[in-house]
Amino acid sequence: MPDLWGLASIATKFALYLGVLTAVGTVLATMLFQLTRYRRFTIGFALLGIAATVFGLSLAGATLTGDASGMTDREMLSLLWSTPVGTAVALRLVGLGLLIVGLFIGRVGVILSLIGGGLALWSFATIGHIPDRGSLALNIVLMFHLVAISVWIGVLTPLRSLSLDASRVSDAANVGHRFGKIAAVFVPLLILAGGYMSYELVGSLPALLGGGYGQALLLKVLFVTGLLALAAANKLRFIPQMTSGDPAAADHLAKSISYEWLVIVAVLLTTAVLTSVLTLPS
């Protein structure tokens, strides 16, 4: 069982993943599917990402000193700025800041938000288990993984809102159909990317089955499998029913998306545990 600092680290990482991926994903989804910009929604999650970034830096300071005084120790925090931790923090703060500013500007703002979102996502390729491997191929695969997951997360809330609006059910069906066509390409690639990164991190079947890291990774795979099952139900059942005019299909889709959100929360929480308190098998 993690101690108080471990629990704080898990909560902070979870908030960071949720904030960054949802904010960036919503920007990407609204651009890809020509949706109305969900400005307040996106800003809320971007601010969550910023808060988690700042608090995470403070926690890193406490780790260096071994007690709570490190959270505000200027010397320790200054030292962290010269490490990959500082680089990641700077990329996230600048990236999320640009993303927010871009939401208040016209067409140029979309580009600004995309640049900011790219910087925020790239921050995850500068620190952590995968970047520590020093492999450019792994970093590229990680970036694809992050972009794909972000789009998936980003489309859920707009799609659910459209499906709950009786006057826009056809729009929801259209967005769902277009997302399904994109997902048919990126989901298999996402599975391959996840398998490749898992193999590179764990390295063997005994390490996967026998250690805490490997078991948490298997739990994450189980959650992702459930997520894929829900997505398949949306694509193969509810979206076609909505297209054919079934009035109940939109409500079924909205409920399915709510379940998808719950599973995504479980996936992100498991990822936070993997990257916070568990160590890679030796």
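Modeller: The protein chain has 10 helices and 0 strands, where helices (H or I, at least four residues) and strands (E, at least two) are DSSP runs, numbered from the N terminus. This is a predicted model, in which local features need pLDDT of at least 70 and side-chain atom pairs count only at pLDDT 80 or more, while totals for chains, interfaces and linings use all residues. Residues are numbered from 1 along each chain as its sequence is written, and side-chain values use heavy atoms, with hydrogens and water left out.

The second largest pocket holds about 280 Å³ of space. A pocket here is an open set of points on a 1 Å grid over the protein atoms alone, where a 1.4 Å probe fits, with protein on both sides within 12 Å along at least five of seven lines; lining residues have an atom within 4 Å of a point. Grid points are joined across faces, edges and corners, and the volume is the space filled by probe spheres set on the points.

The lining of this pocket comprises 18 residues, and F179, A183, A231, A232 and K235 lie nearest the centre. Helix 6 (136-164), helix 7 (169-202) and helix 9 (212-243) each contribute at least two residues to that lining. By class, 13 of the lining residues are nonpolar, 3 polar and 2 charged; Ala, Val, Leu, Ile, Met, Phe, Trp, Tyr, Cys and Pro count as nonpolar, Asp, Glu, Lys and Arg as charged, and the others, Gly among them, as polar.

Of the 282 residues, 45% count as buried, meaning under 20% relative accessible area, with exposed over 50% and partly exposed in between (1.4 Å probe, protein chains only). Among contacts (heavy atoms within 4.5 Å) between residues at least 6 apart in sequence, 70% join residues at least 24 apart.
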